[in-house]
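Colleague: I have just opened this one for the first time. Could you walk me through it?

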Amino acid sequence: MSIAAAVTGTATAAVHVAQRHASPARTTAPRREQSPLNPNSQALRAASASPGHAGGSSAAATDGVRTHIANLDRVLGKPPQVPRPTGSHATSKEAQAQSSDQEPLNLNVRHGLLNALNLSFFVPMPGMRARTAADEHMSPRSLMHMQQLLSADSPRASPRSTIGPRWRSLHGEGGWAGLLDPLDSDLRRELLRYGDFVQAAYQAFQSLPTASARHRGLMLPDRSYRPTRSLFATSALSMPAWARRPNTPEWLTQQSNWIGYVAVCESEREVARMGRRDIAIVLRGTITCPEWAENLRATLVPLDGETADAGAEQPKVARGFRSLYKTAGEKVRSLSEDVMDEVRRLMEKYKGEELSITVVGHSLGGALALLVADEIASTVPDAPPVAVVSFGGPKVGNAAFVEKLKESGKVNVLRIVNAGDMVTKVPGVAPRLPLSREQYQHVGAELRIDSKNSPCLRPDVGPASRHDLEAYLHLIDGFTATGSPFRYDARRSVIRLLQLQKGNVKKEYVKRARELGVDPAAPADVGRSMAYGNCAVASPS
């Protein structure tokens, strides 16, 4: 069936339903004229009107198809909420070109530094090339799908199926064998939910970064989970006086900052669906200056902190990651103490039930998640199965640390990696050390995605977009298998992606978003792109 025939059939079905509801007793439909947007009807009328129609029918049909594609969104989508500029066709095209050339790069204040890392325009980098007209091309099907995801009543997520009988394999037992490529649909949904938990952590910190009160407002994307404890990370480094500017926000340089939370599933219905009660430990990525400074301290140090007899066979991790995990602040305990205390408390509260622990993080949070999982497996004898889900996480330790996690028998690690994300390749770019076992190594299974597979992201996106968490979730939602096209029925809203990665989204998407009443330059509105519940998290202070 051609596209034009499908459109004509859709419009006809819609009219027929309206007639039936208006007159229930009516059994025959009135005769209808074919749609004026149908290129076949136009081509047939032109062909029948001319005696020598054999040579001109092809050209007429081609022109009709072009007209139909140009008006496809008007037929299948809702009317634009933003009025179009008036004037001749040539004038409007000139105005659009002028506005496109003069439009400044509108960077979100909180993400300006990261977005500025898009260096594909200035510095040639491997895998990057100059942008061409093909980079902006979008198929009519992509435009139709985008209109659905940008509408006010964006499609709901796909129904949740019962995963109780197979929750252990989805939680990592067996190393996710046979579930990653092709990607299991139930696993995809679980990954997106945990990714949204990390987005909630980012949103909670960025909305009130200086909050040191007893309670912090937190919006969770899944109401079946309730946050139970706030988590803080403290850097052992302090900013020197000369590095502090008069207008620098206090939270940007303070040593202790809110970095995540612990949540537990309290919905009995969801517990029955999942086959166990899940405890989620959620950690955000790097934001403050001390956290950036700790990321640069890549020297391998013993995991237990001892320096004597620290040979290559001893588990070692990056000095900066261990510092953020073990250092206590003036008013808050260390991240290690808070996590262990809350895990033991929840295990005692739900003693006798089937439990699981999922530690999830993005970037720096993915590195800290491995330290959390290792300590749980080492210090809690009766700990339930522990799974680590890392979005764009760096390397953390040496080969001995990787072996320690494997030999524990309790920890399963899944790393989601976007091709070209430089954070997943560090540390480890320095010259090789004398002992090969002292090199940084990754641990766990890997799910590899690629920004080039997205129908709306430019194929030459910069490093900031490749590391962005929302880009990760967008790609996971559309991933089916290596070498396969983007999932045609992906249902995740692209509003947040447009607002955070406007400079890396194809211009046609940005233009169509404005026509539908979505402003890509506005601050990210998580309330529109995801359904949240409101709750508060108590801090240990």
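**A strand and its neighbours**

Modeller: Let me start with strand β9 (residues 411-418), which is mostly covered, since 7 of its 8 residues are buried, where buried means under 20% relative accessible area, exposed over 50% and partly exposed in between, with a 1.4 Å probe and protein chains only. Helices (H or I, at least four residues) and strands (E, at least two) are DSSP runs numbered from the N terminus. This is a predicted model, in which local features need pLDDT of at least 70 and side-chain atom pairs count only at pLDDT 80 or more, while totals for chains, interfaces and linings use all residues. Residues are numbered from 1 along each chain as its sequence is written, and side-chain values use heavy atoms, with hydrogens and water left out.

Colleague: How many bridges join β8 to β9?

Modeller: There are 6 bridges between β8 and β9, and these strands run parallel; two strands pair if DSSP finds at least two bridges between them. As one example, Val 389 has Leu 414 in β9 as its bridge partner.

Colleague: Changing topic, how many cavities of 30 Å³ or more does the structure hold?

Modeller: It holds 5 of them, and the largest cavity has a volume of about 100 Å³. On a 1 Å grid over the protein atoms alone, a cavity is a set of points where a 1.4 Å probe fits but cannot get out, and lining residues have an atom within 4 Å of a point. Grid points are joined across faces, edges and corners, and a volume is the space filled by probe spheres set on the points.

Colleague: And which residues are closest to the centre of the largest cavity?

Modeller: Of the 13 residues that line the largest cavity, Leu 170, His 171, Glu 190, Tyr 194 and Arg 276 are the closest to its centre. At least two lining residues come from each of α8 (167-170), α9 (185-207) and β8 (386-391), with α9 giving the most, 4 residues. The lining divides into 9 nonpolar, 2 polar and 2 charged residues, counting Ala, Val, Leu, Ile, Met, Phe, Trp, Tyr, Cys and Pro as nonpolar, Asp, Glu, Lys and Arg as charged, and the others, Gly among them, as polar.

Colleague: You mentioned Tyr 194; which residues form one aromatic cluster with it?

Modeller: Tyr 194, Phe 197 and Tyr 225 form one aromatic cluster. Rings of Phe, Tyr and Trp (its six-membered ring) pair if their centres lie within 6.5 Å, and planes under 30 degrees apart count as stacked, over 60 as edge-to-face and the rest as tilted. By this rule the count comes to 3 aromatic pairs. Tyr 194 and Phe 197 have ring centres 6.1 Å apart and planes at 75°, so this pair is edge-to-face. Both residues lie in helix α9, 3 residues apart, about one turn of the helix.

Colleague: Is Phe 197 buried or exposed?

Modeller: Phe 197 is buried, because its relative accessible area is 0%. Phe 197 also forms an edge-to-face pair with Tyr 225, at 5.0 Å centre to centre and 70° between the planes. That pair links distant parts of the chain, with Phe 197 in helix α9 and Tyr 225 in strand β2 (residues 225-234), 28 residues apart.

Colleague: Where is Trp 176?

Modeller: Trp 176 lies in the loop between α8 and α9, and has a positive phi of about 60° although it is not a glycine. Pro 182 is also placed in the loop between α8 and α9, and the peptide bond from Asp 181 to Pro 182 is cis, with omega near 5°.

Technical notes
1 Å grid on protein atoms, 1.4 Å probe; cavity = no way out; pocket = protein on both sides within 12 Å on 5 of 7 lines; lining within 4 Å.
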